[in-house]
Amino acid sequence: MTRLFAWLALLAGCIYFALPLIGMTEFSLKMRRGVYSLDAYRKVFEDPSFWATFGYSLTLAAATIVVGVLLVVPTAYWVRLKLPQARPYIEFVTLLPLVIPAIVVVFGYIRLYNTSSILPLTGSAIGTDFLLTMGYTTLALPYMYRSVDTGLRTIDVATLTEAAQSLGAGWVTILAKIILPNVMVAVLSGAFLTLAIVMGEFTMAALLNRPAFGPYMQLLGANRAYEPPALAVIAFAITWGCMGLIQLVTRLAKHERAKA
Amino acid sequence: MPQQPTRRGMRLPLNWLGLVPFMLFALLFLILPTMKIVIGAFQTQDGSFTLQNLIDLNTSSIRNAYWTSIKLSVATALIGGGVGFAMAAAVVFGGLPKRIRGPLMTFSGVASNFAGVPLAFAFIATLGPVGLITMWLRTEFGINLRAMGFNLLSFQGLVITYLFFQIPLMILIITPALDGLKKEWREAAAVLGATGLQYWRMVALPVLFPSLLGTFALLFANAFGAVATAFALVGPQLNIVPIKLFAQIRGDVLGNPNLGYALAFGMIVITAAANTVYIVLRIRAERWLK
């Protein structure tokens, strides 16, 4: 009896999740009248704006990951090593982006860093890109910090540090050659999640007026019929790819550890 | 979790310097921008203190926006939470093959991140005026969804669409809590003569209650702050708080910049309250589920 209900619950869920995925795929193939074709995808790939915005978001994702890693790894390491009493406060700050909606944060940016302020970041394209990268870093912060902090928990930070120090290593060497490789799986998991978040992000990029992939998709959705579902299929594949890569690195690491 | 050994003698005040980059980042790109909004909500255009902005929120249009947002968030949190709970319970207790669990968790990770613009496209292609299901029902069964009062670009349509990321989030968060329900509790209850229903009512649900309520709060906040899905689905004219704020930031549609601050301040208050409930209840829940 229980098993019947369990199957029913699962089946109903699967149908609900499968239908939109089937719907978008089917619709994206219908551009040519009467037959299924990949015309919508060809149209998307022929559009130079697609490649420009896609490349732009990819670049920003890379920048966000670099900033995130440089910010989170040393901080989480330092807190574990020297300032365990600061941990609740740091954790609280890393959770703030879940509390404050992204639209509010970017609203603050626009008002705080506008052209008439001391730090007129929104005055230039490069300044706005920097601001957007920082915004994306705040979005990724909760996931990145949690991931790295959990990774650090599995290694003996104090002993590794002392061993490196007694061999004459400085802080940069310790972080780059000892700590980072040891939490690489956690860093990569955080990085792929960041990539998934940044590629689809709409609100911050739209309000800062930057040519990112999210606003491009929205604009196309308002004007075209068949390309948007094709974009949805592409976006879903990206999200799926990122999650798959997280699984892959986690599994590979477990395998390595089992062998060792 | 064992505490890392620390040596008291080395804990000089200089240690704080290691946190300066992080603190600077948090201050410049998280805390100060938020403070700017909060302070702005209590200021007039020339900078003096006022409560007028908050009072001015009390127009029928803004009241409606908050009310619709709250209804949307409560509805998607309740339905998403309920369905997510049923699916998680089915996998944990339902006697389903163990192989199902891994793929379900992976898919939940993907689907909970598949929000925003592409999600809206997927639902338009499925339930929109010429979507897959709409056309199929019309040609095969002669059922006209639109004539029956269904419209994807409405409140019900938004609820159906938001569930696509709310249900998986519930599955991801509640499955570990369900795993924490010990088999011994069920056996102990059975030994004392409890029926399955009594076990759920008097043991399992009270233990799960903080997790359930906390996750509800998180789902609520998740829906309340979402912009992109609703914007791509319905457009800038939809009257919910995040989209109203979006329009205000783009073009000062309220005609008073400080009213925009007040609108954003209201959002912070609501999501902060929901998240505080979540965090407090999760700490309570973790006491049982170790």
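Start by selecting chain B: among its contacts between residues at least 6 apart in sequence, 75% join residues at least 24 apart. Here two residues are in contact if their C-beta atoms, placed from the backbone, lie within 7 Å. What you have open is a predicted model, in which local features need pLDDT of at least 70, side-chain atom pairs count only at pLDDT 80 or more, and totals for chains, interfaces and linings use all residues. Residues are numbered from 1 along each chain as its sequence is written, while chains are lettered from A and ligands numbered from 1 in the order in which they are written.

**Chain B as a whole**

Stay with chain B and switch to a cartoon view. You will find twelve helices and zero strands, where helices (H or I, at least four residues) and strands (E, at least two) are DSSP runs, numbered from the N terminus. From the N terminus on, the elements read α-α-α-α-α-α-α-α-α-α-α-α. The C-alpha trace of chain B spans about 80 × 70 × 30 Å along its principal axes. Of the 290 residues in chain B, 41% are buried. A residue is called buried if 20 or more other C-beta atoms lie within 10 Å of its own, exposed if 12 or fewer, and partly exposed in between, with C-beta atoms placed from the backbone.

**Helix 1 of chain B**

Now select residues 20-41 of chain B, which form helix 1. At 1.5 Å a residue, these 22 residues should span 32 Å, and the end C-alpha atoms are 29 Å apart, which agrees. The expected span is 1.5 Å times one less than the number of residues in the helix. Center on Leu27(B), where helix 1 of chain B bends by about 45°; the bend is the angle between axes fitted to the seven residues ending there and the seven starting there.

Next, color the buried residues of this helix, among them Phe22(B), Phe25(B), Phe29(B), Leu30(B), Pro33(B) and Ile37(B). Lys36(B) is also one of the buried residues.

Then zoom in on Gly40(B), in the same helix 1 of chain B. Is Gly40(B) buried or exposed? Gly40(B) is buried, because 21 other C-beta atoms lie within 10 Å. Not counting residues up to four places away in sequence, Gly40(B) touches Arg111(A), Asn258(B) and Tyr261(B). Draw a distance from Gly40(B) to Pro257(B) as well: they are 217 residues apart in sequence, with 8.9 Å from C-alpha to C-alpha.

**Where the chains meet**

Show both chains together. In total, 62 residues of chain B are in contact with 66 residues of chain A. Helix 1 of chain B gives the largest share of the side of chain B that touches chain A, namely twelve residues. That side of chain B divides into 42 nonpolar, 18 polar and two charged residues. In this count Ala, Val, Leu, Ile, Met, Phe, Trp, Tyr, Cys and Pro are nonpolar, Asp, Glu, Lys and Arg are charged, and the others, Gly among them, are polar.

Around Ala230(B), look for Leu158(B), Leu238(B), Ile240(B) and Ile243(B), which Ala230(B) touches when residues up to four places away in sequence are not counted.

**Over to chain A**

Hide chain B for now. Chain A has twelve helices and zero strands, and its C-alpha atoms fill a box of roughly 75 × 65 × 35 Å along the principal axes. Buried residues make up 47% of its 260 residues.

Color chain A by pLDDT, the predictor's confidence in each residue, from 0 to 100. Its mean is 90, and 98% of its residues reach 70 or more. Confidence is lowest in helix 12 (residues 227-259), at a mean of 86, and highest in helix 3 (residues 48-81), at 95.

Select helix 5 (residues 102-112) of chain A, where nine of the eleven residues are buried. Those buried include Ile103(A), Phe107(A), Gly108(A) and Tyr109(A).

**Two loop stops**

Go to Val35(A), in the loop between helix 1 (2-28) and helix 2 (39-46) of chain A. Val35(A) counts as exposed because it has 9 C-beta neighbours inside 10 Å.

Finish at Asn209(A), in the loop between helix 10 (203-207) and helix 11 (213-223) of chain A. Asn209(A) has a positive phi of about 60° although it is not a glycine. Most residues other than glycine have a negative phi. With 14 C-beta neighbours inside 10 Å, Asn209(A) counts as partly exposed.
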